[in-house]
Amino acid sequence: MSTRIAFLKGHGTQNDFVIVPDPENAVALPRAIVAALCDRRAGIGGDGLLHVVRSAAHPEARHMAAEAEWFMDYRNGDGSIAEMCGNGVRVFARYLQRAGHVGEGDLAVATRGGVKTVHIAKDGDITVGMGRALLPEGAVTVSVGERSWPARNVNMGNPHAVAFVDDLAHAGDLLSPPPFSPAAAYPEGVNVEFVVDRGPRHVALRVHERGAGETRSCGTGACAVAVAAARRDGADPAVTGSPVTYTVDVPGGTLVITERPDGEIEMTGPAVIVAEGEIDAEWLETAVR
């Protein structure tokens with residue numbers, strides 16, 4: 001790393017990311033470097049990193065290049081590789097728009113979770129096709145302290161346990177993973193959403209994301225909550241033939257989730273670029289020693 005590396009910082013409902021534009025996949029980003037960049041005290045700080053690469057230039061995305069020019073090589077804040085991030089896709093699209101690679105309207109973004117459809121609206125909001133939810137059978141319970149609740153098992157490509165509570169404060173500090181049972185329901189851990197009603201088809205949540213603790217926003221979690229709320233309320237678009245939409249308040253803002261009759265779930269929300277600059281290569285080499 002003998003040269004400076006360009007970066008931007010952005011967020012979607014306060015789910016924040018370091019953005020590294022690298023169209024030709026020339027920047028090496030091993031786990032330690034990603035973790036250093038996402039460190040909130042010693043680095044730039046972020047819940048994750050968005051590595052912006054042309055699909056044709058990345059070995060994991062070349063097979064998607066005919067469908068999507070750009071690949072979101074997403075990394076978690078600890079440097080580990082992840083398949084997808086709903087809030088991250090919106091910020092990724094906002095960067096592409098800012099850089100002049102795309103304009104308003106529709107585009108496709110390649111991810112490890114497949115090609116995602118994205119729409120950049122004139123009003124600034126961005127909509128992402130999040131795929132379909134799976135609803136595994138079987139009762140699940142989550143608990144905090146002496147309280148426990150039944151939870152809906154929803155899989156959005158990652159696992160979620162959605163519990164409806166009377167007060168979001170009942171979720172506790174969410175510093176440690178809320179216990180759940182049975183253990184076999186989530187052998188690799190689970191994201192747990194605690195949900196209260198705010199009005200007709202309007203809910204609010206707090207979430208513990210596995211491996212991260214409480215976060216300000218979780219896109220897949222908001223989708224899982226909307227599906228769970230719809231089923232609780234007796235709404236199933238596959239049965240009625242009509243889409244159902246829920247407003248979901250997260251600590252960092254508001255997302256609008258629509259489930260269509262074909263099962264596809266769309267998430268709409270803001271995406272903001274807040275800064276750009278250069279990473280000092282000497283600092284980065286020192287940071288990962």
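Student: How many bridges join strand 6 and strand 7?
Tutor: Strand 7 covers residues 126-132, and strands here are DSSP runs of E at least two residues long, while helices are H or I runs of at least four, all numbered from the N terminus. Two strands pair when DSSP finds at least two bridges between them. Strand 6 and strand 7 pair in the antiparallel sense, and their bridges number three.

Student: What should I know about the model itself?
Tutor: This is a predicted model, where local features need pLDDT of at least 70 and side-chain atom pairs need 80 or more, but totals for chains, interfaces and linings use all residues. Numbering runs from 1 along each chain as its sequence is written, and side-chain values use heavy atoms, with hydrogens and water left out.

Student: Which residues of helix 1 are buried?
Tutor: Helix 1 spans residues 31-38, and buried means under 20% relative accessible area (1.4 Å probe, protein chains only). The cover over its buried residues includes strand 2, strand 3, strand 4, strand 18 and helix 5. The buried residues themselves are Ile-33, Val-34, Ala-36, Leu-37 and Cys-38.

Student: Which strand gives the largest share of the lining of the largest cavity?
Tutor: A cavity is a set of points on a 1 Å grid over the protein atoms alone where a 1.4 Å probe fits but cannot get out, and lining residues have an atom within 4 Å of a point. Helix 3, strand 15 and strand 16 each supply at least two lining residues. The largest share, three residues, comes from strand 16.

Student: How many nonpolar residues are in that cavity's lining?
Tutor: Among the lining residues are Ala-226, Val-227, Tyr-246, Thr-258 and Glu-259. Ala, Val, Leu, Ile, Met, Phe, Trp, Tyr, Cys and Pro count as nonpolar, Asp, Glu, Lys and Arg as charged, and the others, Gly among them, as polar. The lining has one polar and one charged residue, and its nonpolar residues number six.

Methods:
Buried means under 20% relative accessible area, exposed over 50%, partly exposed in between (1.4 Å probe, protein chains only). Contact means heavy atoms within 4.5 Å. On a 1 Å grid over the protein atoms alone, a cavity is a set of points where a 1.4 Å probe fits but cannot get out, and a pocket is an open set with protein on both sides within 12 Å along at least five of seven lines; lining residues have an atom within 4 Å of a point.
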